[in-house]
Structure formats: structure tokens, C-alpha cells
Amino acid sequence: MHQLSGLDATFLYAEMNNSPMHIAPLLIYDPATTGRDVVRFKDILQTFAERLDRSPVFRRKLAMVPLNLDQPYWVDDDRFDLEFHVRHIALPKPGDWRQLSILAARLHARPLDRARPLWEAYIIEGLDNVAGLPPGCYAMLLKVHHAAIDGASGVELISALHDFTATPPPPRPAAPPLLDSPPSQAEMLWRAYKANMKAPFRLARMVGQGIPAWRRVHEGVKAKKFRTLGDKERTRFNAAVSPHRVFGAADFDLAVIRKAREAVPGATVNDAILSIVGGALRQYLMDKRELPAKSLVAGAPVNVRSLDEAKTGGNQVSMMTVPLGSDVADPLERLRSVHRDAVGSKAYHEAVGARFMTDMTHSLPAELAALGVRAALGSGLMAGMKPIFNTIVTNVPGPQVPLYMRGAHVVRSYGLGPCIDNMGLFHAVTSYDGQIAVSFQACRAMMPDPGFYELCLQRAYQELQAAAEAPLRGGRKKATARKKPAAKTKSSVPPGQASPGRTKVKKDAVTRATTKPIRKKPAPGKAVPKGRKVPAAAASRGPRKPRA
């Protein structure tokens with residue numbers, strides 16, 4: 001028996017009919033590496049059965065405390081049915097990428113059954129016409145509730161189901177269940193009573209930690225280590241979401257991203273990806289004529305696990321706020337802007353304390369947290385509030401070595417996440433074996449054209465790549481003599497703007513005016529060249545007398 005943390009339980013309380021709160025890796029396999037060009041569904045079932053003991057997520061379900069007087073518990077399911085959780089379906093022909101995207105979005109939009117362990121796996125065959133993949137590939141969509149895992153613990157869950165070689169290990173018996181006796185209602189109420197007696201002390205401790213954090217933030221703003229972003233712009237993605245979803249993704253070369261970020265000193269791969277997302281949103285909203293003047297802002301989850309908590313499940317994340325540079329047209333300038341703001345966001349995050357927001361959720365009484373979250377979502381209050389972020393961009397680094405399941409090679413890795421009111425667009429950045437992909441999940445009413453947004457992501461990636469490679473293609477420019485700057489004329493017009501009523505001057509007229517020779521006056525006493533006239537003023541003065 002294991003109790004959920006305050007942050008884990010928040011994902012339960014935030015779940016509504018229009019916003020399921022689970023995350024899902026989408027993996028695509030090539031069975032050609034098996035030597036038989038096929039993986040049977042019963043073999044995949046056997047893999048799950050053998051490895052159920054590698055993660056407690058697979059067999060445990062929720063036990064709610066009466067009246068929400070305390071956070072729920074994870075308890076072992078004594079009626080666990082593997083074939084309920086692992087399901088087998090296929091795409092109709094031709095089996096292309098858009099069909100897979102539609103099916104993944106529909107499956108992801110359905111909530112999980114809370115009476116059972118909160119996960120489902122879908123084995124999807126028929127991917128015979130996906131560009132860049134050989135025929136015969138299949139996919140696995142693994143839905144797991146966010147209350148059970150976050151991105152980092154999700155990577156560990158995927159690793160538990162896969163091997164590092166194409167040769168599968170020898171089969172072994174199915175993992176035996178490790179059943180704990182579920183807590184009785186009386187036991188949970190007694191535990192809730194003891195926890196609530198300590199709640200005022202936990203809250204007081206959090207207030208004591210919050211005062212120094214506020215001082216650090218105030219000093220950081222004063223020292224200009226970071227800046228406050230003020231009110232965020234509202235977009236089409238910051239409203240109430242429908243129950244329906246769309247999904248899409250764009251694949252990039254990790255080596256190209258690493259090379260492109262070197263164009264801005266100090267920039268990271270994450271900065272480059274954020275700038276690509278900012279460029280894609282800029283193009284998408286410009287097409288809709290809805291691009292705000294200020295930059296859009298992303299919420300970026302940060303793993304705050306210590307070394308001792310590296311193998312623990314649940315959620316150990318905090319959140320950073322990073323502007324995406326959607327107000328900047330030039331790709332390199334956008335990357336430079338994102339990097340500068342990301343450095344400031346990290347400084348702000350350190351000033352507040354990486355675990356402060358996470359620990360604060362543990363200090364709130366369970367019934368108060370549940371009531372507050374459900375009231376805000378159920379009443380529509382959340383949809384009408386000013387947005388905290390315009391979108392979520394979560395980076396989930398995966399293994400940089402090939403993975404296999406039953407000998408089938410994992411060739412693509414994507415991610416799906418939740419959309420809630422006021423946050424109708426979710427990005428998952430997944431890196432795996434030299435590849436990196438930006439996947440997105442959105443409310444279908446907010447993004448009716450996911451294929452176009454995929455194209456926007458690809459264009460933003462190509463523009464950044466071209467801008468980063470441009471100085472290398474041009475080589476070093478030859479040194480040229482410095483020209484004397486032209487004399488500046490006074491003007492009340494700001495730089496870069498045309499004067500009102502200014503007329504265009506023809507190019508040849510400008511050339512004649514600037515190349516007209518300047519006539520010099522002859523020195524006194526010298527003969528005037530033939531054909532030239534003496535100015536009237538000079539003639540009236542007469543010859544100058546020599547000095548004594």
C-alpha cells in the first residue's frame with residue numbers, strides 16, 4: 001500500500017469528462033530485425049506478463065479515502081486481468097500516417113477505468129503506408145495516468161518493457177502477484193485523522209520557506225537576473241476544451257539541432273526546440289491572422305528528483321516559464337531571445353526553489369485541494385482566467401541506443417499528453433537513438449488542421465537549420481576598406497520609418513546630384529582660366545594687399 005503525494009492526487013482531481021489526465025508514449029516497431037518479419041500478439045502479451053513485477057504501476061489500482069479526507073492510496077488489484085489492459089487493433093488500408101494520428105488521438109481522448117490499474121496498451125498493426133517506414137511496421141500506444149508517472153518515470157517504464165539487443169532473453173514464467181491486503185475504511189479514516197492533525201504544521205513550514213523564496217525573487221528582479229513576464233496573451237488555445245483531440249508530430253535530426261544551437265553561444269538543444277515551437281506557432285497563428293504582438297509563453301516541466309529518488313514513480317516535477325519568441329521573425333534572433341529568457345527563467349526557478357511548488361501541494365489538505373480544483377474546472381472558471389501558459393512543452397530525453405521488444409526494433413518514438421481548460425495545446429519532445437521529435441496533442445475544435453501545424457513545425461526547423469548554416473556556406477568575407485560614413489541629417493522621423501508625404505526620387509537623379517563636381521574659387525592674384533568667370537563678389541574686392 002502506497003499513498004499518493006499531493007501532486008499525484010492533483011492530476012486525479014483535475015480530471016474531467018472533457019479532459020482525461022493521462023500521458024502516452026507512441027512507439028513504432030520494425031519487425032524485420034526479428035528474422036521472421038513478424039511479431040505475434042501473444043508474444044507481446046507474454047512480454048508484459050513476464051515483466052509486470054518491474055513496475056508497480058502495472059498491478060495497482062486506486063483506493064479512495066472516504067469524503068476525500070486524505071490523499072488516495074495505491075493498492076494491489078486482486079482481480080488483475082492482463083488481456084483487459086493489452087489490446088490488439090489494426091488500421092484499415094492504406095494505413096498511412098494521418099490514419100495512425102487520428103486513431104491515436106481518439107484512443108487518447110478516452111478516460112481510463114478507475115476501478116482497474118490506470119493503464120492500457122494498444123498494439124496497432126497495418127502501418128504499411130507511413131512515409132519513411134518499411135511496410136509491416138506496427139505501433140504501441142501505452143496510456144498511463146499522470147497520477148502514476150511523469151515523463152521521467154515513464155521513460156523507466158518503457159525501458160522495463162524493452163531490451164537493448166534484437167535477441168530476446170530466454171522466456172521465464174509470468175511474474176507472480178505481490179498482493180498487499182487493502183486498507184479498510186476505518187484504517188484509512190484513522191490515517192486521515194493523523195495526517196490532518198499535522199496539516200497546520202506542514203502549512204506553517206511552507207509559509208516559513210515561502211518568505212525567503214519571495215525575498216530571493218525580489219532581489220533577483222532588482223538585480224535584473226530575470227524579468228517578470230506580466231499578463232500572458234490569450235490565443236485560440238486558451239479557452240474551454242472539447243472532449244475531442246487531434247495528434248501530430250514532426251521528426252528532426254538530433255545532430256542538426258545540436259549544430260544549429262551552436263550558432264548562438266551557450267544555447268542548448270532545449271532552447272533550439274523551444275524556438276522551433278515558437279516559430280511554428282508564429283506561422284500557424286499568422287495564417288489565422290491571430291498572432292499576438294507579445295511572445296507566447298510555454299510551461300516547461302522540470303524533473304526535480306534527487307539521486308535517491310531516481311527510480312521512484314509518481315510525479316517529481318516543477319514548472320518553468322519560458323517565452324517562445326513567437327514575436328521574432330528571424331530564426332537565429334528567435335533562438336537568441338529564447339536562450340536569454342531561458343537563462344532568466346532558470347535563475348527565477350532557482351530563486352523560488354526547485355521543489356517549493358511540489359512541496360506546497362503536499363501541504364494542502366486533500367479535501368480542500370480536491371474541492372478547489374474541481375470547482376475551478378467544473379464551473380468554467382479555469383477557462384475564463386488569464387492564461388498562465390499558452391502551451392506546455394515537455395522534454396522527455398530517451399535512451400540514445402536502439403531498443404527492441406521481442407526482437408522488433410523501435411524506429412520512432414512520440415508522446416501524447418493531456419489538454420485541459422485554458423491549455424488546449426500540449427507539446428511532447430522525445431529524443432531517441434539520434435532522433436528527436438516534437439509531438440503535439442490539441443483540442444480538435446481549437447486545431448482543426450493538425451497536418452498544417454505539422455508543416456509549420458517542419459518549416460521552422462528548416463528555417464533554423466538554413467539560418468545556422470548560412471555563415472558557413474558563405475565563408476569568410478574579404479576585408480574591405482572602411483568607407484567614411486555619410487553625414488547624418490537631422491530628422492524627427494524615427495529610424496526605419498518613412499517620412500509622411502515623402503516622394504520617391506529617381507535613382508539616376510540621385511546619382512547626378514551626388515557626382516556633380518564642386519567648383520573651387522581661384523586663389524587671389526592668380527589668372528582665371530579661360531572660359532571661367534570671376535564671381536562678382538570677388539571682383540568688387542580687388543587684389544588683396546600683402547601682409548606687413
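This is a predicted model: local features need pLDDT of at least 70, side-chain atom pairs count only at pLDDT 80 or more; totals for chains, interfaces and linings use all residues.

Me: OK, and how many bridges join S1 to S4?

Reply: There are 2 bridges between S1 and strand S4 (residues 73–76), and the strands run antiparallel. Two strands pair if DSSP finds at least two bridges between them, and the strands themselves (E, at least two residues), like the helices (H or I, at least four residues), are DSSP runs numbered from the N terminus.

Me: What order do the strands of that sheet come in?

Reply: The order is S1-S4-S3, an open sheet of 3 strands with antiparallel pairing. Strand S1 (2–3) and S3 stand at the edges with a single partner strand each, so one side of each has no neighbour in the sheet.

Me: Then which strands make up the open sheet of 6?

Reply: Those 6 strands follow the order S5-S6-S7-S2-S13-S12, and their pairing is mixed. At the edges stand strand S5 (86–90) and strand S12 (404–405), each with a single partner strand, so one side of each is left without a neighbour in the sheet. Within this sheet, strand S2 (residues 22–30) and strand S13 (residues 408–416) run antiparallel and are joined by 7 bridges, and Asp30 has His409 as its bridge partner in S13.

Me: Which strands does H2 touch when it packs on that sheet?

Reply: Helix H2 (residues 41–50) touches S5, strand S6 (119–127), strand S7 (137–145) and S12, where touching, or contact, means heavy atoms within 4.5 Å. The direction of H2 makes about 155° with that of S5; axes are lines fitted to C-alpha atoms, for helices over the stretch in contact, and angles run from 0 to 180 degrees between N-to-C directions. Helix H4 (residues 97–108) also packs on the sheet, touching S2, S5, S6, S7 and S13.

Me: Back to H2, how many of its residues are buried?

Reply: In H2, 7 of the 10 residues are buried, so the helix is largely enclosed by the rest of the structure. Buried means under 20% relative accessible area, exposed means over 50%, and partly exposed is in between, with a 1.4 Å probe and protein chains only. The buried residues of H2 include Asp43, Leu45 and Phe48.

Me: And what is the ring of Phe48 paired with?

Reply: Phe48 pairs with Trp119; their ring centres are 5.8 Å apart and their planes are at 10°, so the pair is stacked. For this, rings of Phe, Tyr and Trp (its six-membered ring) pair if their centres lie within 6.5 Å, and planes under 30 degrees apart count as stacked, over 60 as edge-to-face and the rest as tilted. The pair links distant parts of the chain, with Phe48 in helix H2 and Trp119 in strand S6, 71 residues apart. Phe48 counts as buried at 0% relative accessibility, and Trp119 also counts as buried at 0%.

Me: Switching topic, is Ala460 buried or exposed?

Reply: Ala460 counts as buried, because its relative accessibility is 2%. Leaving aside neighbours within four places in sequence, Ala460 is in contact with Ile276, Gly279, Ala280 and Gln283.

Me: Last one: how many residues of S15 are buried?

Reply: Strand S15 (residues 435–443) is mostly covered, with 8 of its 9 residues buried. Strand S8 (residues 245–253) runs antiparallel to S15, joined by 9 bridges, and strand S14 (residues 425–432) pairs with S15 over 8 bridges, also in the antiparallel sense. S14 and S15 form a hairpin with 2 residues between them, and Asp433 in the turn has a positive phi of about 50°.

Note on methods
Residues are numbered from 1 along each chain as its sequence is written. Side-chain values use heavy atoms; hydrogens and water are left out.
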